Amino acid sequence: MFWTYLRRELRRRVRQAVFIALGLALGIGLVITVTSAATGVQNAQAAVLHSLYGVGTDLTVTQPPKQGAGSGLTFGFKQQIKQVRSGQIAAGTKINDNDLENTQYGSLTGGQLAAVSRQQHVTAATGALALTDITVTGTVPALTAGSNGSGSFSSSFTSSTFTVDGVNVARSSPGPLSSAAVTAGRNFGQADASADVALADSGYATAEKLKTGSTVEVGSTSFKIVGIVSVPQGSSPPNLYIPLAKAQQLGTTGAAKLTGQVNTIYVTADSASNIPAVQQELTRLLPSATVTDASDLASQVTGSVGSAASLADNLGKWLSVAVLVAAFGLAILLTMAAVARRVREFGTLKAIGWRSRRIVGQVMGESLVIGIIGGVAGVALGYGGAALIDKFAPKLSAIVGAPSAPAAFTGVTGKLAQQVSSAATHTVYVTLTAPVTLSAVLLAVVLAVAGGLLAGMFGGWRAARLRPAAALAKVE
Amino acid sequence: MYRLSGVTKEYSHGTVLALRGVDLEVPDGGWLAVRGPTGHGKSTLLQLMGGLDRPTSGTVELDGRDLGRLSDTAVTRVRADLIGFVFQAFNLIPTLTAVENVETALAPLGIRGAQRRRRAAEALAAVGLADRVHHLPSELSGGQQQRVAIARAMVKQPAVLLADEPTGNLDEDTRDDIIALLEGVWREQHLTMVVVTHDSVVAARAQRTGLMREGQLTLAARTSQDVQAVLPWTDAAGQTGN
């Protein structure tokens with residue numbers, strides 16, 4: 001009787017049932033779409049973090065650059081500018097300055113690296129040098145009287161930059177190469193510690209037509225490419241990797257050499273639960289350093305990935321809640337209105353011996369089925385919404401750890417400094433997808449059942465309160 | 001057997017007195033028609049006799065059970081087992097077919113599936129609607145709908161049939177058919193039947209009539225001659241009618 005009655009009611013009141021189901025479907029579809037988009041953004045963030053962080057790295061330690069240091073211009077070029085102004089270098093002289101500069105971070109000493117590796121719960125700590133190779137070429141122009149040196153002076157020179165990581169050749173993890181895969185040639189070996197060999201990122205190698213066996217100039221030294229490496233999609237790896245010892249030998253911070261120094265320490269903790277404790281220890285050990293874990297890094301992610309995450313977290317969430325509340329409210333109101341229209345029907349059933357419980361069950365059953373139909377339609381809508389995001393969503397960018405431009409970047413040096421700064425910034429482009437997860441579908445089912453039950457509860461409550469005498473009272 | 005003693009019913013916190021001390025006995029198998037102007041308590045009386053409402057004071061006993069004091073569950077069970085209702089507006093479920101409407105009376109008794117369907121079809125056949133079992137109420141005439149309602153009331157073989165203006169919405173010919181049908185089931189099933197009606201023709205077919213005026217019931221001395229033979233009537237005072 002239950003199913004017969006339920007089927008007949010739904011068929012008879014099909015328009016109302018469809019209306020309620022569509023309302024629920026819209027809310028549930030939106031929840032799935034937003035949940036999927038949020039998952040997609042999380043995946044994008046994870047991809048960004050994964051590439052920037054590397055597998056097996058729990059924490060990174062960096063030192064903020066000293067005020068005025070790392071202005072982005074090579075020390076050699078600065079000297080040459082002085083010489084031009086003092087007349088020591090004549091107009092028409094060709095300049096080709098190539099330096100390997102530490103522009104992004106302050107330096108950390110070998111002693112500090114050793115101290116980090118000795119900390120409790122630290123299983124591995126490796127130092128690396130993230131550097132920028134800057135080449136400035138051009139011909140010194142004639143300086144006219146009263147010229148402040150900007151304008152035609154800066155336009156007389158061109159610069160090119162690429163990023164170089166000095167890595168520990170004896171240990172790839174933790175470190176910049178921990179998530180890299182060799183696609184051609186070979187990886188570094190112990191014997192490469194002080195050799196002029198380099199690994200090229202596959203993207204950079206393609207762009208610059210580099211192959212194994214090619215040579216590149218790094219800090220005025222020729223390096224032979226011995227391998228091409230690829231890191232996970234969506235990452236922003238350095239263009240070249242060279243042995244740490246060579247980076248320390250060639251690199252400078254301004255005029256200062258980097259011998260025995262690193263500027264990034266990659267740390268692995270013995271367990272995920274101990275990461276906060278290790279972070280605390282390292283912060284105490286190196287008060288001026290920045291100790292970053294994955295969550296810190298995530299908070300530093302800016303750009304459209306961050307905007308999308310914020311949009312999904314805030315607007316999307318509240319929009320979903322609002323539509324769901326509206327859909328639930330609509331379902332409840334329509335169900336209660338339907339019960340009100342069926343007063344005589346329910347009164348009659350009570351008069352002929354139906355218990356309130358049976359009538360409430362009937363009303364709830366009808367609402368539940370409508371809710372489930374709405375849920376199924378909602379899942380379909382959600383998949384549709386997710387597919388639309390997959391198809392039309394623009395690529396998202398993530399900018400991580402961009403150093404602020406030092407105040408010294410002005411006048412003649414500003415243009416070049418900006419180029420250097422942008423070379424040091426980690427900008428990653430990822431394609432936003434909206435994967436519909438099983439948990440999102442389960443959430444939809446739960447919401448559909450909840451919506452149906454909620455509407456049914458209110459409707460059933462109203463039906464239960466009906467006096468059976470209402471059936472006869474309607475007649476008198 | 002129905003026994004009503006000093007039954008009163010107030011509405012709106014005592015401002016409306018629908019019944020004022022009604023005393024009545026209806027023997028098993030008796031047929032009482034209650035007449036009276038609209039709004040004088042006829043339907044209220046029927047509601048109390050059917051356990052649809054509780055008296056403000058007094059007792060309404062059916063076979064020794066005080067319907068006013070039974071729990072909701074128990075009185076619902078009494079309605080399901082013992083009492084059949086027929087309403088003026090038929091009160092069929094518009095979304096269910098004729099046979100499904102009749103089945104609704106068997107559902108609370110726990111009768112399942114095929115047996116329920118078979119009994120419902122038989123009940124419809126008994127009221128002359130064997131060829132209308134799968135019709136919706138909207139596809140039936142008023143008389144046919146009332147026949148479905150009577151089949152629904154009778155399918156569980158109740159001890160009591162309470163009918164509230166069963167011919168109120170019907171034309172004369174159909175009314176006569178329905179009266180004949182009710183009288184037939186009353187005779188065949190030895191029912192106790194209480195019919196509230198405005199129609200003197202309907203009332204004239206009853207064993208005994210009562211007049212409800214301003215909440216008070218007065219049993220008339222006259223009873224229908226042709227139904228008298230079925231069962232001698234005894235009123236509350238123990239006097240045989242006629």
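Select B:Glu10 first. B:Leu17, in strand 2 of chain B, stands opposite B:Glu10. The model you are viewing is a predicted one.

Now widen the selection to both strands. Strand 1 of chain B covers residues 2-11, and strand 2 of chain B covers residues 16-26. The two pair in the antiparallel sense, over 7 bridges. Together they form a hairpin, with 4 residues between the strands. Which residue in the turn has a positive phi? Pick B:Ser12: its phi is about 50 degrees.

Move to chain A. Select residues 122-139, which are strand 4 of chain A, and residues 157-167, which are strand 5 of chain A. These strands run antiparallel, joined by 10 bridges.

Click A:Val167 and look across to A:Pro243 in strand 10 of chain A, its bridge partner.

Next, a helix. Select residues 356-392, helix 12 of chain A, and find A:Ser367 within it. Is A:Ser367 buried or exposed? A:Ser367 counts as buried, because its relative accessibility is 7%, and the cut-off for buried is under 20%. Show what surrounds A:Ser367. Leaving aside neighbours within four places in sequence, A:Ser367 is in contact with A:Thr335, A:Gly452, A:Ala455 and A:Gly456.

Last stop: where the chains meet. Colour chain A and chain B separately. The contact takes 26 residues from chain A and 30 residues from chain B. About 2700 Å² is buried between chain A and chain B, and carbon and sulfur atoms give 61% of that area.

How many salt bridges does the rule find across this interface? The count is 1. Select A:Arg8 and B:Glu100 to see their side chains meet in a salt bridge, at 2.5 Å from N to O.

Then highlight three helices of chain A: helix 1 (2-12), helix 11 (343-351) and helix 15 (469-473). These are the elements that give two or more residues to the side of chain A that touches chain B. Helix 11 of chain A supplies the largest share, 6 residues. Colour that side by residue type: 12 of its residues are nonpolar, 3 polar and 11 charged.

To finish, display the polar contacts between the chains. Between chain A and chain B, 7 residue pairs are in polar contact, counting pairs with both residues at pLDDT 80 or more.

Note on methods. Residues are numbered from 1 along each chain as its sequence is written. Chains are lettered from A and ligands numbered from 1 in the order in which they are written. This is a predicted model: local features need pLDDT of at least 70, side-chain atom pairs count only at pLDDT 80 or more; totals for chains, interfaces and linings use all residues. Side-chain values use heavy atoms; hydrogens and water are left out. Contact means heavy atoms within 4.5 Å. Buried area is the accessible area (1.4 Å probe) that two parts lose on being put together, summed over both. A salt bridge is a side-chain nitrogen of Lys or Arg within 4 Å of a carboxyl oxygen of Asp or Glu. A polar contact is a pair of N or O atoms within 3.5 Å; within protein, one must be able to donate a hydrogen and the other to accept it, and residues adjacent in sequence count only if both atoms are side-chain atoms. Ala, Val, Leu, Ile, Met, Phe, Trp, Tyr, Cys and Pro count as nonpolar, Asp, Glu, Lys and Arg as charged, and the others, Gly among them, as polar. Buried means under 20% relative accessible area, exposed over 50%, partly exposed in between (1.4 Å probe, protein chains only). Two strands pair if DSSP finds at least two bridges between them.
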